Amino acid sequence: MFVRKVSIPFAARSVLQRTLHSNRVLYSQPDTTKPTETKPADSKVAETKPAESKLAESKSADSKPAQPTPVDPKTPSPEPKKTQEPDDEKIEYFGNTRFPKFRAKPRRTITPGDAIGQATPTVKPAPQTLKEQAQQKWRDILSPEKNLESRARIIHDIGHSYFQDIVDLRDNGDKLFEAPKQLIRSSKAHYLPSVSGKTLAGQKTDVIDLCRGKTTLLTVNFNKFSELHTNSFIDPFEAAFADSEDAQVVRLNIEENWAKAMVLQMCLPYLRRHTPKDRHANYLIHYGDVEGLRKSMGIANSLIGYVFLIDKELRVRWYGNGLAVMSEAQSMVMLTQRLIPNKKK
């Protein structure tokens with residue numbers, strides 16, 4: 001058999017030899033990456049010890065039966081731990097879903113007979129020019145106190161749901177409490193807050209200007225539904241004091257939502273047409289936020305109508321809400337007669 005010799009160049013031969021030598025050295029060294037498992041020399045002895053201890057325990061258990069521990073009848077038995085009921089049983093869900101039903105917040109009502117309003121009478125500021133108004137607006141922007149007030153108002157608006165009053169009306173009814181049967185003492189009564197607006201007659205004025213000098217039944221409405229409540233108080237009041245010059249009715253219509261305010265402005269001709277002309281001067285419309293009036297006058301739900309009996313010094317002497325019952329209407333007429341001075345003939 002003929003074998004042909006292949007000649008390899010010297011440079012290639014030296015490279016091949018170095019490669020083979022390096023591989024031989026690499027594979028001959030031990031692998032240090034893997035941990036070596038070293039078994040202790042006395043492992044057999046350690047394995048036998050647990051077995052012997054188990055055997056001894058079993059023998060002692062067979063020889064000596066377990067005796068029950070004596071219980072002293074005088075010592076009270078430990079009370080069983082009370083398992084806390086899961087909150088899922090207290091939460092109502094929509095059907096079989098995991099979406100909980102909305103719960104109305106508890107009503108923050110006032111106690112009937114407590115004084116409501118502001119502690120001091122309203123002092124009207126002097127009229128300002130446009131420059132003074134701009135300067136005052138700039139000072140309010142830079143004022144830390146005003147910023148904190150606006151921040152608290154925003155937080156309150158975020159936490160107040162649009163449907164909260166509807167759920168509260170559904171669960172608790174359209175009456176917060178029954179009106180008191182006595183007047184608030186003049187020494188303890190508080191004053192009516194200031195709310196500016198425009199009457200149906202087109203005059204810009206304030207509610208304190210309309211109520212000053214006469215015994216006034218002031219009604220506060222936020223929507224059409226609440227007019228049913230206030231009308232139940234207005235009808236007996238007007239029937240009893242139709243001929244009196246010292247008693248009057250002032251209606252305050254409030255719209256806080258700017259979008260609804262635009263709709264209300266477009267509906268003003270309809271409102272004027274369906275309101276008697278002799279009531280246009282005492283029908284005041286206010287656009288904007290009235291959070292101060294809500295807190296001071298105890299207005300907890302905007303879907304309910306509210307009535308307040310104001311004396312000549314602008315002090316709140318009596319109040320009611322919701323649909324009037326017979327006893328409330330009688331108390332209102334009787335208390336109003338006490339506030340009207342008797343004219344000598």
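Let me start with strand 3. Seven of its seven residues are buried, so strand 3 is largely enclosed by the rest of the structure. Buried here means under 20% relative accessible area, against over 50% for exposed and partly exposed in between, with a 1.4 Å probe and protein chains only. Strands, of at least two residues (E), and helices, of at least four (H or I), are DSSP runs numbered from the N terminus.

A word on the source. This is a predicted model, where local features need pLDDT of at least 70 and side-chain atom pairs count only at pLDDT 80 or more, while totals for chains, interfaces and linings use all residues. Residues are numbered from 1 along each chain as its sequence is written, and side-chain values use heavy atoms, with hydrogens and water left out.

Back to strand 3. In a regular strand, side chains alternate between the two faces of the sheet. Both faces of strand 3 are covered. On one side sit Thr215, Leu217, Thr219 and Asn221, and on the other Thr216, Leu218 and Val220, all buried. Strand 3 runs parallel to strand 4, and seven bridges pair them. Two strands pair if DSSP finds at least two bridges between them. Within this pair, Asn221 stands opposite Asn253 of strand 4.

Now the whole chain. Eleven helices and seven strands make up its secondary structure. Of its 345 residues, 30% are buried. The chain exposes about 25600 Å², and carbon and sulfur atoms supply 57% of that. Those areas come from the Shrake-Rupley method with a 1.4 Å probe; for residues, only the protein chains shown count as cover. Take the contacts with a separation of 6 or more: 77% of them join residues 24 or more positions apart. Contact means heavy atoms within 4.5 Å.

Seven strands form an open sheet with mixed pairing, in the order 2-1-5-4-3-6-7. Strand 2 (204-206) and strand 7 (316-321) are the edge strands, each pairing on one side only. From one strand to the next, the twist averages 30°. Axes are lines fitted to C-alpha atoms, for helices over the stretch in contact, and angles run from 0 to 180 degrees between N-to-C directions.

Which strand does strand 1 pair with over two bridges? That is strand 5 (residues 283-287), antiparallel to strand 1 (residues 196-199). Lys198 stands opposite Ile285 in strand 5. Two helices to note on the sheet. Helix 8 (residues 258-266) packs there, touching strand 4 (247-255) and strand 5, and its direction makes about 145° with that of strand 5. Helix 11 (residues 326-339) also packs on the sheet. Helix 11 touches strand 3 (215-221), strand 6 (306-310) and strand 7, at about 165° to the direction of strand 7.

Strand 1 also runs antiparallel to strand 2, joined by three bridges. Ser196 stands opposite Asp206 in strand 2. The two strands form a hairpin with four residues between them. In the turn, Gly202 has a positive phi of about 90°.

Is it buried or exposed? Thr199 counts as buried because its relative accessibility is 4%. Leaving aside neighbours within four places in sequence, Thr199 contacts Thr205, His280, Ala281, Tyr283 and Leu284. Thr199 and Leu284 are 85 residues apart in sequence, yet 4.3 Å apart in space, C-alpha to C-alpha.

On a 1 Å grid over the protein atoms alone, a cavity is a set of points where a 1.4 Å probe fits but cannot get out; a pocket is an open set with protein on both sides within 12 Å along at least five of seven lines; lining residues have an atom within 4 Å of a point. Points join across faces, edges and corners, and a volume is the space filled by probe spheres set on them.

There is one cavity of 30 Å³ or more. The largest cavity holds about 30 Å³. Its lining includes Ile110, Phe177, Met297 and Tyr306. Strand 7 gives the most to that lining, three residues.

The second largest pocket holds about 690 Å³. It is lined by 20 residues, with Asp140, Lys146, Glu149, Arg153 and Asp289 nearest its centre. Helix 3 (130-142), helix 4 (144-159) and helix 10 (291-297) each give two or more residues. Helix 4 supplies the largest share, five residues.
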